[in-house]
Amino acid sequence: MKPPSACRTVAFLLEALPEETTLRGYTWTSPRRRFGPALAALGTTAVFLLVPGTSTLVTVGIARLAGDEPGHIGIVPEGQHPVDYLILLTVFSPTLIAARAAVGHAQLWAAIGTHLTVLTVNRIMLQGEARDAGVTVEQASDNAVLLVPLYLVAVAIAFLACRRVTRRHTPGESACSPTANDSSATNTPAP
């Protein structure tokens with residue numbers, strides 16, 4: 001059994017950090033300035049859909065260079081249903097963009113934290129035993145996987161609500177931060 005902290009470290013270093021830095025960092029930010037947020041979000045989501053297939057090609061290439069047996073090549077990781085997985089990514093990408101846009105400071109870290117949290121929750125709840133997570137969850141129905149996009153939509157709505165509240169405050173101040181409503185943080189009297 002792998003220690004849970006090692007699994008989180010791998011998920012952070014190989015998935016959440018590089019994907020958020022490149023996709024919601026550079027790929028979303030640069031086109032957003034030129035084309036606006038909606039087209040940038042669509043473009044970022046399209047690129048996000050290409051990542052799993054590209055990663056299988058890279059993995060096979062590295063295996064061949066190392067003299068190992070090449071593995072699975074496909075548009076999604078081995079063992080995943082292609083349509084389900086691509087739908088999940090299509091919902092996940094706007095959720096991560098909403099996380100990034102919801103806060104005034106450390107925007108990229110908000111997306112990285114959200115990405116890592118979703119990976120952890122999904123891997124424990126959907127693949128706990130297979131991933132040696134120390135938790136076994138028995139799903140009452142095969143349709144339980146449909147709850148993942150549903151909870152991602154709920155998370156995105158929460159981030160968008162936070163963003164709406166944040167716009168009512170001064171630039172750089174986030175109403176979603178613990179000190180936003182703390183009058184001692186600004187040394188001004190509470191209303």
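Q: Where is A106?
A: A106 is in the loop between α3 and α4. Helices here are DSSP runs of H or I with at least four residues, strands are E runs of at least two, and both are numbered from the N terminus.

Q: Before going on, what kind of model is this, and how are residues numbered?
A: This is a predicted model, in which local features need pLDDT of at least 70 and side-chain atom pairs count only at pLDDT 80 or more, while totals for chains, interfaces and linings use all residues. Residues are numbered from 1 along each chain as its sequence is written, and side-chain values use heavy atoms, with hydrogens and water left out.

Q: Back to A106: what is its phi?
A: Phi of A106 is near 55°, a positive value in a residue other than glycine. Most residues other than glycine have a negative phi.

Q: And what is the phi of G67?
A: Positive too, near 85°; G67 follows α2.

Q: How many helices and strands are there?
A: The protein chain has five helices and zero strands. From the N terminus on, the order is α-α-α-α-α.

Q: How much of the chain is buried?
A: Of its 191 residues, 28% count as buried. Buried means under 20% relative accessible area, exposed means over 50%, and partly exposed is in between (1.4 Å probe, protein chains only).

Q: What is the accessible surface of the chain?
A: About 12100 Å², of which 64% belongs to carbon and sulfur atoms. The areas come from the Shrake-Rupley method with a 1.4 Å probe, and for residues only the protein chains shown count as cover.

Q: Which residues form a nonpolar patch on that surface?
A: V121, M125, L126, V135, V137, V145 and L146, with about 510 Å² of accessible area together. Patch members have over 30% relative accessible area and no salt bridge; like charges are joined within 9 Å, and nonpolar side chains (Val, Leu, Ile, Met, Phe, Trp, Tyr) within 5 Å.

Q: Is L146 buried or exposed?
A: Exposed, because its relative accessible area is 55%. L146 is in the loop between α4 (107-127) and α5 (147-167).

Q: New topic: where is the kink in α2?
A: At V51, shortly before the proline P52, and the kink is about 30°. The bend at a residue is the angle between axes fitted to the seven residues ending there and the seven starting there. P52 is among the buried residues of α2, which also include F48, G53 and T56.

Q: How far apart are the end C-alpha atoms of α2?
A: They are 40 Å apart, which agrees with the 42 Å that the 29 residues (37-65) should span at 1.5 Å a residue. The expected span is 1.5 Å times one less than the number of residues.

Q: What about the ends of α3?
A: In α3 (residues 82-102), the end C-alpha atoms are 30 Å apart, and the 21 residues should span 30 Å, which agrees.

Q: What does T95 touch?
A: L152, V155, A156 and F159, not counting residues up to four places away in sequence. Contact means heavy atoms within 4.5 Å. T95 is in helix α3 and counts as buried because its relative accessibility is 0%.

Q: Is V155 buried or partly exposed?
A: Partly exposed, at 25% relative accessibility.

Q: Which residues does T27 touch?
A: T22, T44 and V47, again leaving out residues up to four places away in sequence. T27 is in helix α1.

Note on methods:
A salt bridge is a side-chain nitrogen of Lys or Arg within 4 Å of a carboxyl oxygen of Asp or Glu.
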